[in-house]
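Trainee: I am new to this structure and would like a close look at a single part of it. Could you walk me through the open sheet and what packs around it?

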Amino acid sequence: VNLDRVDVAILRAVQADARLSLREIARAARVSAPTVAARLATLEQLGVVRGYQASIDPEHLGETRVHIVVKARLQTAEVTARDIASMDRIRRVTVARGGRILAEATASSGSEIDAVLDGIAALPGVVDLDHHVGVRTIKDEPVAILPDGLSASLACFECRKPIEGEPVRIRLDGRDHYLCCASCERLYREKYGRIKAAA
Ligand SMILES: [Zn+2]
């Protein structure tokens, strides 16, 4: 899905300040407030905009960052990464090539760090792990770079896999839904129908 200049202008505005009102965003993007509301709804649905949280610095609250490099069994690295992600104190998890998983945790004491490391080491798919305790964070800005002419990669609403090529786009209840193929479309329509009927 290609994002146009209005989408990019809206993303830049909300990324700079998530507390802007729709009218303020509309002024920045030079469109109407209802247009902003509709575009943001689509961007949220696409998963491009994940949320509008306050950015709280853990180090100002006495927390230390711990960077962990996990060597996992290649075949099950994705599952291991999800297990790690579900643990308390884990802020970020990335699956890299070769069965490596990069994770970041925060902890306020040595025993908490040990608890995190022991928890990861005990997971079935973990072969080895290495960790580094951060002394000082120089930059921590989880921002997206927003050049003109962006496109959003879409996950199929049914199977959650990335959609290669043109998505199957269906409109239900005034919103766009994206599927990777005809069989996912059929399953999704059935499920959607059942959920609506139950509601
Ligand atoms: Zn699919």
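Mentor: Happy to; we will go from the strands to the helices and then to the core.

A word on the source comes before that: this is a predicted model, in which local features need pLDDT of at least 70 and side-chain atom pairs count only at pLDDT 80 or more, while totals for chains, interfaces and linings use all residues. Residues are numbered from 1 along each chain as its sequence is written, and side-chain values use heavy atoms, with hydrogens and water left out.

Now to the sheet. It is open and has four strands in the order β2-β3-β1-β4, paired antiparallel. Strands here are DSSP runs of E with at least two residues, helices are runs of H or I with at least four, and both are numbered from the N terminus. Two strands pair if DSSP finds at least two bridges between them. At the edges lie β2 (90–95) and β4 (126–133), each pairing on one side only. On average, neighbouring strands of this sheet are turned by 20° against each other, direction ignored. Look next at β1 and β3: eight bridges join them in the antiparallel sense. For example, Val 69 has Leu 102 in β3 as its bridge partner. In general, strands of a sheet pair through backbone hydrogen bonds, either parallel or antiparallel.

Two helices meet these strands. α4 lies across β1, β2, β3 and β4, running at about 170° to β2. α5 also packs on the sheet, touching β1, β2, β3 and β4, and its direction makes about 160° with that of β4. Such angles run from 0 to 180 degrees between N-to-C directions, with axes fitted as lines to C-alpha atoms, for helices over the stretch in contact.

That brings us to the largest nonpolar core, which has 19 residues; Ile 68, Val 70, Ile 84 and Val 116 are among those with the most contacts inside it. At least two residues of this core come from each of β1 (64–72), α4 (77–85), β3 (100–107) and α5 (110–121). A nonpolar core is a set of buried Ala, Val, Leu, Ile, Met, Phe, Trp, Tyr and Cys residues joined through side-chain atoms within 4.5 Å, where buried means under 20% relative accessible area with a 1.4 Å probe, protein chains only.

Notes
Buried means under 20% relative accessible area, exposed over 50%, partly exposed in between (1.4 Å probe, protein chains only). Contact means heavy atoms within 4.5 Å.
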